[in-house]
Amino acid sequence: MTHWLRSALLLSILLAAAAAAGAREVAPTPPMGWNSWDAYGLTIDEADFKANATELAKLHAYGWTYAVIDEGWYMGNPFGDSLRHRYYAVDAHGLLVPSTKRFPSSADGRGFKAIADWVHAQGLKFGIHIVRGIPKQAVEANLPIAGSDFHAQDAADTANTCPWDDGDYGVRDDAAGQAYYDSMLARYAHWGVDFLKVDCIADHPYRISEIRQIATAIKKTGRPIVLSLSPGPTQLSHAAEIRRYGQMWRISNDVWDGWTFARERPNDDFPMGVRNIFDRLPPWAGQARDGRWPDADMLPFGVLAPHPGWGEPRHSRLTLDEERTQLTLLAIARSPLILGANLTKLDDATRALITNKEIIAVDQRSHGNHPLEHLPTGFEQVRVWVASGKAGERYLAVSNLDDKPLSLQATWQQLGLASGRHAARELWSGHRLQASGRLPIRLPAHGCALYSVE
């Protein structure tokens with residue numbers, strides 16, 4: 001065999017391996033779905049979950065796929081004023097199990113398997129939330145860890161607890177700790193879990209040892225499970241290692257339904273508003289690729305009731321322009337798209353937002369996404385992102401951060417595209433612009449436009 005043939009054969013093998021690796025990605029595009037937290041907080045039950053998943057199935061054709069039960073599914077009394085009064089359900093091996101009071105199909109040790117099977121029958125995928133660690137009551141009882149000779153006290157790092165959740169101890173970075181997470185993920189894989197959101201692990205504190213243990217345990221199951229890491233802001237200095245283990249990681253603290261929020265403590269970044277995301281996403285430009293997705297948190301649209309994870313029951317306080325701006329920003333940055341609305345009360349305006357196929361396509365299929373660092377004079381309250389699409393198509397997202405409407409214009413080159421005359425179409429309104437050397441920009445307060453540029 002000649003040297004040239006050997007080189008060609010080696011190249012073909014490497015390309016085939018790379019293609020196979022890409023095909024195995026758990027999340028080849030940013031995950032899309034619904035999470036119960038914004039509308040139900042700790043309180044979701046089986047009937048309400050199925051009602052929302054039924055509505056999500058009607059949106060599946062647009063890409064909305066994952067139905068996720070957030071924190072508290074193991075609490076017999078989510079309104080309890082202390083850990084003891086929340087009545088965590090824990091099995092004989094120290095693993096959290098669904099409260100049968102709230103999820104009756106989980107009785108007799110079935111866990112979430114019946115619900116997961118039902119979700120899959122709707123054409124959707126099933127997810128759950130956990131706070132990293134091992135339940136304190138499992139450690140106090142020193143329960144045996146399934147599939148090992150270890151017990152809960154061997155695995156628990158009692159010196160490491162979540163500063164804002166009192167239910168668990170941390171997990172040691174040793175064989176006992178790995179055995180505990182292995183038993184947990186084996187259980188979840190048996191149930192049919194497709195998406196695992198793990199909290200108190202990506203920041204305050206950042207627990208890379210437990211991230212690695214959970215990712216290792218997922219791999220051992222052989223089941224494709226998306227690993228979503230919370231809360232943010234994940235530090236950019238952790239980007240390389242967190243990409244090795246998670247498919248999603250939060251780049252901000254919890255985002256709620258406001259443009260900005262006044263905070264009682266100057267160093268506290270909770271809650272985040274839509275305006276804040278414009279500052280958090282740019283440092284992560286270029287990281288959204290290869291099955292790994294910086295996560296700008298959920299979309300707090302529509303009705304946030306009956307028991308939202310923060311605040312009183314309400315319709316989202318975001319204006320329609322602000323909702324459109326948030327969704328546009330997340331799409332052009334290729335963030336995961338996770339709905340927070342109570343889907344059983346979905347209004348027509350919100351439905352129109354989340355069923356715009358062209359906006360969703362930008363999130364799912366664009367590339368080269370990045371913000372412009374230098375804009376013309378007069379654009380101080382404007383943010384611009386650009387991206388590429390198929391067959392030379394370019395996308396241009398322009399957002400007005402000001403509290404009043406704006407009217408500006410710029411050349412295409414000033415907006416990060418090739419100079420010359422371009423035609424364009426605005427993807428929200430469908431309005432077409434004839435070929436011109438300049439783009440006129442007229443936006444309402446906190447409004448946006450997303451153009452497909454020819």
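**Salt bridges, helices and a buried histidine**

Visitor: Which residue forms a salt bridge with Asp 402?

Guide: A salt bridge here is a side-chain nitrogen of Lys or Arg within 4 Å of a carboxyl oxygen of Asp or Glu. The closest N and O atoms of the pair are 3.1 Å apart, and the partner of Asp 402 is Lys 404. This is a predicted model, in which local features need pLDDT of at least 70 and side-chain atom pairs count only at pLDDT 80 or more, while totals for chains, interfaces and linings use all residues. Residues are numbered from 1 along each chain as its sequence is written, and side-chain values use heavy atoms, with hydrogens and water left out; the partner asked for is Lys 404.

Visitor: Is Lys 404 buried, partly exposed or exposed?

Guide: Buried means under 20% relative accessible area, exposed means over 50%, and partly exposed lies in between (1.4 Å probe, protein chains only). Because its relative accessibility is 49%, Lys 404 counts as partly exposed.

Visitor: How many residues apart in sequence are the parts tied together by Asp 257 and Arg 317?

Guide: The side chains of Asp 257 and Arg 317 meet in a salt bridge, with 3.2 Å from N to O. Asp 257 lies in the loop between β9 and α11, and Arg 317 in the loop between β12 and α12, so the parts that this pair ties together are separated in sequence by 60 residues. Helices (H or I, at least four residues) and strands (E, at least two) are DSSP runs, numbered from the N terminus. The separation asked for is therefore 60 residues.

Visitor: What is the relative accessible area of His 129?

Guide: His 129 lies in strand β3, residues 125–131. Leaving aside neighbours within four places in sequence, His 129 is in contact (heavy atoms within 4.5 Å) with residues including Trp 73 and Asp 199. His 129 is buried, because its relative accessible area is 0%.
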